[in-house]
Amino acid sequence: MKGSTSTGTSHCPYLKSLSNKVGSMLCCRGSTNKYSRLDAKLEKKMVEVKRGSLGHSNFKSIDSIIMRFPQFREELKKIRDVFEQYDEDSNGTIDLEELKKCLQKLQLHLTAEEIEDLFHSCDMDGSEGIQFNEFIVLLCLIYLLKEPSSSHNTSKIDSPQLEATFDTVIEVFSFLDKNGDGKLNKTDMVKALNEAYPLEKSPAHVTRTRFKEMDWSKRGKVSFREFLFAFIDWVGIDTDEEMSPVRSSSK
């Protein structure tokens, strides 16, 4: 990785195609933040996570995060079985009614308002259907926001492996959130991209590009929800290539 700073991709070759794959889809939602209520909850929760970590992190640099991408990819792809089980009409998306059944089966008890908020905030292309990558984001948001069902049962979802993966994704965000305010800004990204190699500063235009890929609402701040969409794309879960033959042929 070192020695290739002139290309602007020395820190993360996975990131360079993000805007092409995700940008146009997300920009269609406009610059206004329609989901301020949900993002405010997420922001508060991430501040709590940061404070609870007391500055401890298993990640020391962007590179240490990138090294975990293959593991992230394999763990997140396991969610596909759940997704396909509740995509009852096999059209590659989960509609609102299918989502309600899914959450009920998973014993994730949310109010109708909470479910609708999550559904619409994750339905990034406005298709009234949750695609696989959006489903991953939705489950992770539920995991972050949901309290354990009882003091005797600290599990939030019935999958220790998935809980561990989501915990690690949350830790990645916390590592990038240098000032601990529950959202990411350009200064956070500069610090994160450069701290591994302080003598090899990432060019300013590279840092701006990386930040723009996440800040699709153009507010200058990146919520955990926005970060999740970018992160899943960086990890490389391709919804089209991963679709089963039956589903692919039905499109």
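Trainee: Is the crossing of α7 and α8 left-handed or right-handed?
Mentor: The crossing of α7 and α8 is right-handed (the near helix is turned clockwise from the far one by less than a right angle). Keep in mind that this is a predicted model, where local features need pLDDT of at least 70 and side-chain atom pairs count only at pLDDT 80 or more, while totals for chains, interfaces and linings use all residues. Residues are numbered from 1 along each chain as its sequence is written, and side-chain values use heavy atoms, with hydrogens and water left out.

Trainee: OK, at roughly what angle do the axes of α7 and α8 cross?
Mentor: Roughly 140 degrees, and the axes of α7 and α8 (residues 132-145) come within 9 Å. Axes here are lines fitted to C-alpha atoms over the stretch in contact, with angles from 0 to 180 degrees between N-to-C directions. So α7 is oblique to α8 (under 35 degrees is roughly parallel, over 145 roughly antiparallel, 65 to 115 roughly perpendicular, and the rest oblique). A helix is a DSSP run of H or I with at least four residues, numbered from the N terminus.

Trainee: Which residues make that contact?
Mentor: From α7 you've got L118, F119 and C122, and from α8 E134, V137, L138, L141 and I142 (contact means heavy atoms within 4.5 Å). By class, seven are nonpolar, none polar and one charged.

Trainee: And what about α6 with α7, where do those two meet?
Mentor: L96, L99, K100 and L103 of α6 touch I115, E116 and F119 of α7. Five of the residues in this contact are nonpolar, none polar and two charged. The crossing of α6 and α7 is right-handed.

Trainee: What do the axes of α2 and α9 do?
Mentor: The axes of α2 (residues 36-53) and α9 (residues 160-176) come within 10 Å, crossing at roughly 85 degrees. That makes α2 roughly perpendicular to α9. M46, V49, K50 and S53 of α2 meet I170, F173 and S174 of α9, and the classes are four nonpolar, two polar and one charged.

Trainee: Switching to rings: how many aromatic pairs are there?
Mentor: Nine in the whole structure (rings of Phe, Tyr and Trp pair if their centres lie within 6.5 Å). One aromatic cluster is formed by F69, F72, F173, F224, F227 and F231.

Trainee: F173 again, from the α2 contact! What sits over the ring of F72?
Mentor: The charged end of R68, at 5.7 Å from the ring centre. "Over" needs NZ of Lys or CZ of Arg within 6 Å of the centre and within 35 degrees of the ring normal.

Trainee: Where does R80 lie?
Mentor: Over the face of F132, 3.9 Å from the ring centre.

Definitions and conventions: Phe/Tyr/Trp six-rings, centres within 6.5 Å; stacked < 30°, edge-to-face > 60°. Nonpolar A, V, L, I, M, F, W, Y, C, P; charged D, E, K, R; others polar.
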